[in-house]
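Subject: Structure handover

Hello,

Here is the structure I promised you. Please open it first, then read my notes below.

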Amino acid sequence: MKKSLVIAIACMLLSGALLRSNPEPDRLFIKNATIVPVVGSKIEGGNVLIEDGKIKAVGKEVQPPAGVQVIDASGMFVYPGFIDSYSHFGLVEIAAIASTSDFREMGKENPELRVVWAVNPHSVHFGTGRVTGTTTALIAPSGGTFAGISALLKMDGWTVPEMTFKETATSFINFPMTPRPVGEGVAVQAEAKEDVTSKLVDRIRDYLREARRYQELKKVAADDPAVKAPEYNAKYEALGPVLDGTLPVIVSVEKAKDIELAIKFVQDEKLKAVFRGCAQGFKVADKIKQSGIPVIIDSLYTGPSEPEDGYDAPYRNVVALAKAGVLISFSSGDSPAQGKDLPYHAAKAVAFGLPYDEALKALTINPARIFGVDDRLGSIEVGKDADLIIASGDPLDMKTEVTQLVINGRRIDMSNWWETLYQKFKSRPEK
Amino acid sequence: MKFKIAVIGILGAFLSLCQSLWVSAAEKPLLLKNGHIITVSGGTIDGGDILIQGTKIAQVGQGLPAPAGAETIDLAGRWVMPGIIDSHSHIALEGDVNEMGDIITAEVDCKDVINPRDINIFYALTGGVTSIHTMHGSANPIGGRGIALKMRWGKSAADLIFEGAPLTSKWALGENPKNSNDIGMGPARYPKTRMGVEQSIRDQFERAKDYIKKWADYEKKAKAAKESKGKIAPPLPPKKDYRLEGVADILNGKLWVRCHAYQSEEMLSILRLCREYGVKLVCFEHGLEGYRITNELVKYGVAVSTFADFWAYKWEAYNTIPHAAALCANRGVLVALNSDDAERMRHLFNDAAKTVRFGGVSEEEAIRMLTINPAKILGVDSRVGTIEAGKDADLAVFNRHPLDPFTVCEMTMVDGTVYFDRARYLADMKKAEEEEKAKKTPEKKSGGED
């Protein structure tokens with residue numbers, strides 16, 4: 001009895017010692033940094049206390065509790081983690097090799113497909129994509145008219161469930177694109193011809209009508225045993241929350257004329273829409289603003305949609321949308337290999353006139369609002385998830401190094417595929 | 001990896017707007033005053049001036065007096081760097097750049113298909129690019145000849161050619177000539193392995209050696225016949241073979257070899273082959289794994305023309321790092337940052353900034369990767385790549401340091417002529433917009449009934 005008590009106490013002491021030596025405690029203290037909280041004003045020489053994955057306190061006066069692990073961030077800058085509003089992280093490893101690609105299903109209508117079934121949490125692109133500060137990404141399917149259901153994932157975790165922040169984030173509709181008239185003088189001709197785009201939009205409307213009928217029939221059948229319920233249809237089931245406006249739907253649309261059609265479509269169908277792309281949004285910025293539809297900006301490493309728009313149209317576009325008051329956010333776009341460029345797209349927009357603070361918002365609090373998660377992400381505020389960037393300078397600057405990321409209050413291992421190769425071949429002796 | 005921005009039709013008003021030449025030193029001297037001059041060869045001169053006479057830089061320094069009748073442009077503290085040289089490009093060419101019809105296509109020439117109306121020439125200027133090396137594609141172990149162009153937007157095809165620049169031969173190793181990707185480039189054919197790619201180059205060298213010998217023999221016999229004054233019958237010439245002549249030009253050192261390659265071992269392998277046949281290989285294109293064989297690249301004096309951070313689009317592009325350019329440069333390899341893409345070309349200066357972060361080159365070295373290094377690779381470093389008296393007046397003016405994340409290229413000059421001026425572009429865009437608006441607004445009726 002006495003012996004077992006001694007063993008029990010020894011075990012308790014040992015486990016206590018083990019707990020204390022745990023490199024990732026539940027509490028973390030970031031000391032003496034320039035904090036850019038995005039919501040609220042900049043704090044010089046500020047501290048952040050993190051507890052159980054959340055931001056517990058922020059400010060100059062915040063003191064470190066006894067025994068807390070401290071990150072001395074003197075001379076460093078702390079920002080909220082960036083949110084990539086559209087990416088294929090974990091869904092494609094090498095674009096040219098089909099066996100590594102899982103973001104595009106066959107067929108046009110796949111509203112029921114979920115990216116969380118396909119994401120590879122150990123894709124190298126998570127590690128390399130976050131080196132510039134991305135802590136959360138919308139992982140999107142693509143292709144067809146209804147591409148499927150995206151998820152919001154934190155950029156760290158052993159498994160997909162561990163990474164998953166919001167399993168059902170958005171649905172997708174790829175809006176038809178009006179083709180550019182080909183050849184000289186054809187523009188006039190094309191205008192006179194039938195409106196192909198509107199016909200294609202009508203097909204989407206027809207599909208939604210069927211889905212709506214299915215939902216109504218189901219409801220009627222549930223109330224009235226005499227009515228036979230419709231045969232289970234996964235696609236119409238998946239569109240249920242889209243049709244009742246509870247699940248946001250990302251509508252990809254580029255040309256000015258199509259944007260106008262899409263606004264009408266969204267309003268008629270009473271969808272909770274987010275536009276993606278809007279390359280010619282600057283031509284109809286006020287109309288987008290009026291509609292209240294936010295816009296996810298695609299990669300700015302792109303040329304103008306049409307040469308007449310001017311060489312700088314992609315950048316001017318962002319400036320015009322923001323100026324009109326449209327809620328915008330940035331995304332890295334189709335290639336997760338280029339995911340780390342996310343803040344550089346923002347920098348490009350700033351170069352051409354987007355106010356710096358707006359750019360920062362469009363990487364943080366704006367996407368959080370767009371995806372309805374601003375109660376947890378997008379700024380350094382008490383109670384929010386402790387997703388933080390610690391950087392040597394301005395993270396929009398290509399020359400800045402993000403030295404440490406914190407995700408869910410944990411210091412992330414910053415090593416990645418690139419670092420591994422760099423260290424290995426840097427060590428080859430020079431001859 | 002060619003990216004095309006489709007340009008359909010001729011955009012009359014817009015193009016003519018972009019084509020007007022605004023200021024030129026051809027008529028009278030031009031003095032650029034009061035800028036930060038990134039000379040590349042002699043540091044950065046703050047509050048510096050550049051005097052341009054004709055097509056050349058006449059003088060660089062501080063407080064230069066304006067010669068009589070000179071036009072002056074106040075840089076007002078803007079940054080000037082030598083025009084960016086994109087050493088791997090496929091713009092300004094008519095149609096496709098891959099001759100898919102055969103394995104070896106040394107006979108075709110980009111010079112024959114220069115398209116001076118490609119709007120990408122204008123886009124190049126908007127990104128500070130003044131010269132490019134535009135090339136055959138990468139479907140063939142030995143492809144066609146490439147050519148250096150100056151971005152003289154609005155001029156004829158012949159006028160775009162960079163006078164005196166050495167002609168190049170495009171080679172390609174690995175996945176593209178193997179035609180092995182899911183996104184295939186053409187029909188199945190030999191070669192399908194890296195072995196086959198190397199052998200198909202070797203085969204051509206042997207054939208070309210024979211061809212050279214045949215012609216040499218013929219010349220010898222023809223000479224003897226001529227000297228014999230009718231005693232010896234003149235020989236029949238060998239059959240002309242343009243393809244083998246192209247390969248012979250490689251063996252004779254007339255063409256500068258630019259070899260598209262990704263994997264380090266195939267680079268070493270082709271280097272051995274080149275040594276065996278006495279072929280001078282100037283530069284590996286892409287060379288994404290070049291950072292693994294810096295010792296060998298330095299030893300054999302082979303340059304690398306690469307991306308800052310474009311990767312993982314195919315297997316052979318997977319084992320690389322954004323630190324590659326810096327690692328190569330820091331170990332003495334001549335490195336150029338290229339675009340290979342009509343869009344990337346517009347922000348090569350941003351790409352250069354990334355090599356400062358990844359791998360830690362100095363800002364000066366990062367700028368060299370856009371200027372004097374590609375100039376050396378193209379054999380035009382006596383003409384361009386630095387801001388020095390005597391060099392071509394090819395300049396790019398930025399509102400901030402070119403490596404600043406928020407910088408914008410505001411003016412680009414080729415041969416002392418301004419081909420892009422952002423202020424003028426903005427004014428013209430505004431004018432065009434107003435004209436468009438005026439067209440749409442119906443005129444008010446005069447003396448109407450209301």
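Two residues are in contact here if their C-beta atoms, placed from the backbone, lie within 7 Å. Please keep in mind that this is a predicted model.

**Where the chains meet**

By that contact rule, 44 residues of chain B touch 35 residues of chain A. Two helices of chain B, α2 (120-126) and α10 (348-357), each supply at least two residues of the side that touches chain A. The largest share of that side comes from α10(B), with five residues. What is the make-up of the side of chain B that touches chain A? It divides into 27 nonpolar, nine polar and eight charged residues.

**Confidence in chain A**

The mean pLDDT of chain A is 93. In this chain, 91% of the residues reach 70 or more. Two stretches need care. Over residues 13-24 of chain A, pLDDT is below 50. Beyond near neighbours in sequence, that stretch has two contacts in the model. Residues 184-189 of chain A also stay under 50. For these residues the model has four contacts beyond four places in sequence. Where pLDDT is low, the predicted coordinates should not be read in detail.

**The sheet in chain B**

Chain B holds an open sheet of eight strands with mixed pairing. The strand order is β6-β7-β8-β9-β10-β11-β12-β13. Which strands stand at the edges? They are β6 (84-89) and β13 (335-337) of chain B. Each has a single partner strand, so one side of each is left without a neighbour in the sheet. On average, neighbouring strands of this sheet are turned by 25° against each other, direction ignored.

Four bridges join β6(B) to β7 (residues 129-134) of chain B, and the two strands run parallel. Within this pair, Asp86(B) stands opposite Ile132(B). Is β6(B) buried or exposed? Six of its six residues are buried, so β6(B) is largely enclosed by the rest of the structure.

Strand β12 (residues 303-306) of chain B runs parallel to β13(B), and three bridges join them. Here Ser305(B) stands opposite Ala336(B).

Val113(B) is in the loop between β6 and α2 of chain B. With 17 C-beta neighbours inside 10 Å, Val113(B) counts as partly exposed. Leaving aside residues up to four places away in sequence, Val113(B) touches Leu93(B), Glu94(B) and Gly95(B). Val97(B) is 16 residues from Val113(B) in sequence, and their C-alpha atoms are 9.3 Å apart.

**Helix α9 of chain A**

Of its 12 residues, 10 are buried, so α9(A) is largely enclosed by the rest of the structure. Among the buried residues are Tyr315(A), Arg316(A) and Asn317(A). What do the buried residues of α9(A) pack against? Their partners are α8 (285-291), β12 (295-297), β13 (328-330), α10 (342-351) and α11 (356-361) of chain A. Just after the helix, Gly325(A) takes a positive phi of about 95°.

**Backbone details to look at**

Tyr190(B) and Pro191(B) are joined by a cis peptide bond, with omega of about 0°. Pro191(B) sits in the loop between α4 (175-178) and α5 (194-227) of chain B.

Asp52(A) has a phi near 50°, a positive value in a residue other than glycine. Its place is the loop between β2 (43-51) and β3 (54-59) of chain A. Asp52(A) has 10 C-beta neighbours inside 10 Å, so it counts as exposed.

Asp415(B) also has a positive phi near 50°, in a residue other than glycine. Asp415(B) lies in the loop between β15 (409-414) and β16 (417-421) of chain B. How many other C-beta atoms lie within 10 Å of Asp415(B)? There are 20, so Asp415(B) is buried.

Best wishes

Note on methods: Residues numbered from 1 in each chain as written. Chains lettered and ligands numbered in written order. Predicted model: local features only at pLDDT ≥ 70, side-chain atom pairs only at ≥ 80, totals over all residues. Nonpolar A, V, L, I, M, F, W, Y, C, P; charged D, E, K, R; others polar. pLDDT = per-residue confidence, 0-100. Pairing = 2+ DSSP bridges. Axes fitted to C-alpha atoms, helices over the stretch in contact; angles between N-to-C directions.
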